[in-house]
Amino acid sequence: MAKLNHDKFITDMIRYASSAESPEHILAQLLQYIGENLNSDRAYIFEANLDGTFDNTYEWCREGVSPQIDNLKNVPYEGVLDTWFLEYEKRRNILIYDIEEYKSISENMYHVLKPQGIHTLVTGPIEINGKYIGLYGVDNPPKEFIKNISVLIEMMEFVISMIIRLRDYSNALEESAIRDQLTHCQNRTALHWAYDDDMDMNQSIAVIMCDLNGLKKINDSLGHPAGDKYICDAAEILVSCFDDQNVYRVGGDEFIIVLQGITKADLTIRTDRLQLYADLKKISLSFGVSYRTNSKEHFETLLREADKKMYVQKKHYYENLSLSRE
């Protein structure tokens, strides 16, 4: 077995870190490089979920080794991973030379690792801004490699955490480009796929044009913060009725909802729910709907139809408002 070349390993890790590839691609390449050069069966990354559990988010496996990434989702912290994180606090990384001996340290973790065919293991934390956000590890490195691996662990952690930071920053930039800052709904930029007719033409489609009533009056009488709250309350109702991925804020008080693969009956249920929720929240809105059993017409044609229907409803609203004042 070839001796591990520390200098080359560190140089290659830096080279991967400075690559112009996407962070996702770099992480996949890094795990492959780490796994192959440390003669391991698997190399992987786990990341924390919002609920405190952990998911195996990236994985490389040697040929013939069964992937575990799909099986290792929502791994609990308490009673399982907490053992490792407590150890990370004491000595930064964990070296397991014999899984059977490790059973006396953490029986719960033993029962997670043993069914995966793990005999030896090296793992370390991923820390960003002083907080542990995950961990990485390699399974079944040769025992004689483990001491050498422990020397390289800090470099691996540094590079992996740096690439994850870059990934998160890139994702945040991308998300901010397609999200409305006030309501956090998607914006007109995110709707480009519909304007480009980039959709499954054989699926049904519903386009809903929605416009708030009375926003100017609220802004003039109560101030723009009250108007912003009115818009946010309306957005919350739309998301609850049509789901976040289908709602787009395209103007000050204008929203577009695009639904593919929806039945006419389900569409009616959702629009009835929209009206009910708006009435309960005292949000006045007008909306128009266009529906087709397939998506072969241009999106803008459907949008114009929905827009016209919305303005008919809006006209009735102001006519009734005028009559009520008289």
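Mentor: Start with what an angle means here. Helix axes are lines fitted to C-alpha atoms over the stretch in contact, and angles between N-to-C directions run from 0 to 180 degrees. Keep in mind that this is a predicted model.

Now the helix pair. H2 covers residues 23–37 and H6 covers residues 143–178. Their axes lie 10 Å apart, at an angle of about 175°. Angles over 145 degrees count as roughly antiparallel. H2 and H6 are therefore roughly antiparallel to each other.

Which residues make the contact between H2 and H6? From H2 come Pro23, Glu24, Ile26, Leu27, Leu30, Ile34 and Asn37. From H6 come Phe145, Met156, Val159, Ile160, Ile163, Ile164, Leu166 and Arg167. By class, this contact has 12 nonpolar residues, one polar and two charged.

Ile34 of H2 and Met156 and Ile160 of H6 belong to the helix contact. Ile34, Met156 and Ile160 are also among the residues that line the second largest cavity. The volume of that cavity is about 30 Å³. Leu31, Ala43, Tyr44, Tyr136, Gly137 and Val138 are on its lining too. H2, S1, S5 and H6 each supply at least two residues to that lining. S5 gives the most, with three. The lining of the second largest cavity has eight nonpolar residues, one polar and no charged.

How many cavities of 30 Å³ or more does a search of the whole structure find? There are two. The largest cavity has a volume of about 120 Å³. Its lining has 14 residues, and Phe46, Trp84, Val112, Leu113 and Gln116 lie nearest the centre. The elements that give two or more residues to this lining are S1 (42–48), H3, H5 (107–113) and S5. The classes for the largest cavity are 11 nonpolar, one polar and two charged. S1 and S5 are thus elements to keep in view, since S1 and S5 each supply at least two residues to the second largest cavity.

S5 returns in the largest pocket. This pocket has a volume of about 160 Å³. Its lining is Ala48, Asn49, Gly52, Phe54, Tyr77, Phe85, Lys131, Tyr132 and Ile133. S5 gives the most here, with three residues. The lining of the pocket divides into six nonpolar, two polar and one charged.

Asparagine 129 is in the loop between S4 (121–128) and S5. Its phi is near 55°, a positive value in a residue other than glycine. With 76% relative accessibility, asparagine 129 counts as exposed. Asparagine 140 sits in the loop between S5 and H6. Its phi is positive, near 60°, again in a residue other than glycine. Is asparagine 140 buried or exposed? It is buried, with a relative accessible area of 14%.

H8 (residues 215–222) and H9 (residues 224–242) have axes that come within 7 Å and cross at roughly 145°. Leu215, Ile218, Asn219 and Leu222 in H8 meet His224, Ala226, Gly227, Tyr230 and Ile231 in H9. This contact has six nonpolar residues, three polar and no charged.

Valine 207 is in S7 (residues 205–212). At 0% relative accessibility, valine 207 counts as buried. Setting aside neighbours within four places in sequence, valine 207 is in contact with Ile256, Ile257, Gly288, Val289, Ser290, Phe299, Leu302, Leu303 and Ala306. The C-alpha atoms of valine 207 and glutamate 300 are 9.7 Å apart, although 93 residues separate the two along the chain.

The C-alpha atoms of valine 312 and glycine 288 are separated by 8.3 Å, with the two residues 24 apart along the chain. Valine 312 is in H11 (residues 299–325). At 45% relative accessibility, valine 312 counts as partly exposed.

Technical notes: Residues are numbered from 1 along each chain as its sequence is written. This is a predicted model: local features need pLDDT of at least 70, side-chain atom pairs count only at pLDDT 80 or more; totals for chains, interfaces and linings use all residues. Side-chain values use heavy atoms; hydrogens and water are left out. On a 1 Å grid over the protein atoms alone, a cavity is a set of points where a 1.4 Å probe fits but cannot get out, and a pocket is an open set with protein on both sides within 12 Å along at least five of seven lines; lining residues have an atom within 4 Å of a point. Grid points are joined across faces, edges and corners, and a volume is the space filled by probe spheres set on the points. Helices (H or I, at least four residues) and strands (E, at least two) are DSSP runs, numbered from the N terminus. Ala, Val, Leu, Ile, Met, Phe, Trp, Tyr, Cys and Pro count as nonpolar, Asp, Glu, Lys and Arg as charged, and the others, Gly among them, as polar. Angles under 35 degrees count as roughly parallel, over 145 as roughly antiparallel, 65 to 115 as roughly perpendicular and the rest as oblique. Contact means heavy atoms within 4.5 Å. Buried means under 20% relative accessible area, exposed over 50%, partly exposed in between (1.4 Å probe, protein chains only).
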